[in-house]
Amino acid sequence: MIIFLPFKKELNTYLDEIQRYSQYTFVYENYKKYTATYNIVNVHWPEAIFDWFEPTDEQLADLRNEINKWKKNSVLIYTKHDVERHKGMTPNFTKLFELIEQNTDVFIHLGNYSKEYYQEKYPNATHKIVFHPLYENSFMISSKSEAREKLNIDQEALVIISPGSIRNFAERNLVISSFKKLKVKNKVLIATNMRSEIKYDFRGRVKLKKFFDIRSYFVNRFKNNHQPPRFIFSYNRINANEMALKMSAADIVLIPRIKILNSGNLFLGLTFNKIVVGPATGNIEEQLNLLRLPVFDSNSISSVTQAIEKGIVLNNSGYVIPNKDLSKFKPENVAKDMDFIFAEFIQ
């Protein structure tokens with residue numbers, strides 16, 4: 001059986017973890033390169049079909065024609081990672097998501113919350129759950145002491161890491177403000193892709209820029225105020241080795257999302273055997289509750305800080321998530337679940 005993925009291979013190794021154990025062949029290709037030899041078309045991120053750029057009306061019409069071809073010979077499976085585009089929706093991105101959703105034969109959800117929501121919205125489609133895999137084959141884990149030595153971090157410090165991209169000012173504020181409220185003297189905050197700027201648009205800004213660039217001023221001020229040893233920030237995507245080192249050095253993983261369906265950062269944290277705290281939203285809440293990990297109200301900085309404090313207590317107690325609770329997230333088990341669904345719906 002061949003699974004057609006109508007997008008370029010992503011840097012995120014989510015699919016690599018599954019494919020490593022799958023009995024089937026996965027082909028990444030432009031959506032126009034579909035042939036009837038493909039048994040299944042599996043969409044993961046609608047935006048990836050057009051290389052993450054907003055599609056034109058003509059491109060959407062072209063995709064609609066291609067989808068009609070897909071459905072004549074193959075099963076269209078949509079793995080539902082996101083409710084919508086992280087960087088905001090536009091009319092054509094909305095049409096793109098609706099086009100995929102309305103033509104989906106089988107939805108694969110990463111949790112019960114998603115399944116229940118979309119089962120009500122699309123009752124004629126089939127809805128299944130396949131959990132997000134751990135990143136067991138994607139990173140080299142170091143000991144905490146070794147990682148801290150390489151990063152010049154105090155061995156006795158409380159280290160909190162916020163992996164992934166900080167997408168907007170609200171997420172930035174959530175991370176930094178909750179960290180600052182912690183009543184811990186020896187503490188370090190790591191951010192692997194911090195947002196250094198926000199929009200400073202006002203009447204006359206362009207003319208003022210000839211004499212004084214206010215955006216650069218605030219960016220530089222932010223960076224100058226968040227320096228090591230207390231703040232270890234990167235401002236662009238880092239490579240896998242650097243991510244692994246920083247994750248290894250941490251005590252607590254903070255998922256800084258405001259409103260989201262799923263987060264790979266949860267499973268990144270679990271891969272490194274870290275205490276993870278995250279928002280009470282989407283599938284994340286049920287998964288954190290299952291693992292007895294702290295959740296917070298992302299609209300309340302105090303709630304975030306309290307969740308981190310609970311995480312510190314768990315960390316200091318030596319809490320380890322039982323293997324029986326993690327087994328469903330093991331890549332080989334996720335691949336088996338995915339393969340079972342592929343086999344069930346093959347024509």
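Y78, F107, Y117, Y118 and Y122 are linked into a cluster by ring pairs. Keep in mind that this is a predicted model.

Take F4 and W70. Their ring centres are 6.5 Å apart with 75° between the planes, an edge-to-face pair. F4 sits in strand β1, residues 2-5, and W70 in helix α2, residues 57-73, so this pair ties together parts 66 residues apart in sequence.

Next, F7 and W45. Here the centres are 5.8 Å apart and the planes stand at 75°, so this pair is edge-to-face. F7 is in the loop between β1 and α1, while W45 is in the loop between β3 and α2, and the pair links these distant parts of the chain, 38 residues apart. F7 is buried at 2% relative accessibility, and W45 is buried at 10%.

Now the chain as a whole. It has 14 helices and 12 strands. The radius of gyration is 22 Å, close to the 20 Å from the globule rule for 347 residues, so the chain is as compact as a globular protein of that length. The C-alpha trace spans about 60 × 60 × 35 Å along its principal axes. Of the 347 residues, 50% count as buried. Among contacts with a separation of 6 or more, 70% come from residues 24 or more positions apart.

Last, the surface and charges. The chain exposes about 17000 Å², with carbon and sulfur atoms supplying 48% of that. There are 48 positive and 38 negative charges, and their mean positions are 7 Å apart.

Notes
Residues are numbered from 1 along each chain as its sequence is written. This is a predicted model: local features need pLDDT of at least 70, side-chain atom pairs count only at pLDDT 80 or more; totals for chains, interfaces and linings use all residues. Side-chain values use heavy atoms; hydrogens and water are left out. Helices (H or I, at least four residues) and strands (E, at least two) are DSSP runs, numbered from the N terminus. The radius of gyration is taken over C-alpha atoms; the globule rule is 2.2 Å times the number of residues to the power 0.38. Buried means under 20% relative accessible area, exposed over 50%, partly exposed in between (1.4 Å probe, protein chains only). Contact means heavy atoms within 4.5 Å. Accessible areas come from the Shrake-Rupley method with a 1.4 Å probe; for residues, only the protein chains shown count as cover. Lys and Arg count as positive and Asp and Glu as negative; His and the chain ends are not counted. The place of a charge is taken as NZ of Lys, CZ of Arg, CG of Asp or CD of Glu. Rings of Phe, Tyr and Trp (its six-membered ring) pair if their centres lie within 6.5 Å; planes under 30 degrees apart count as stacked, over 60 as edge-to-face and the rest as tilted.
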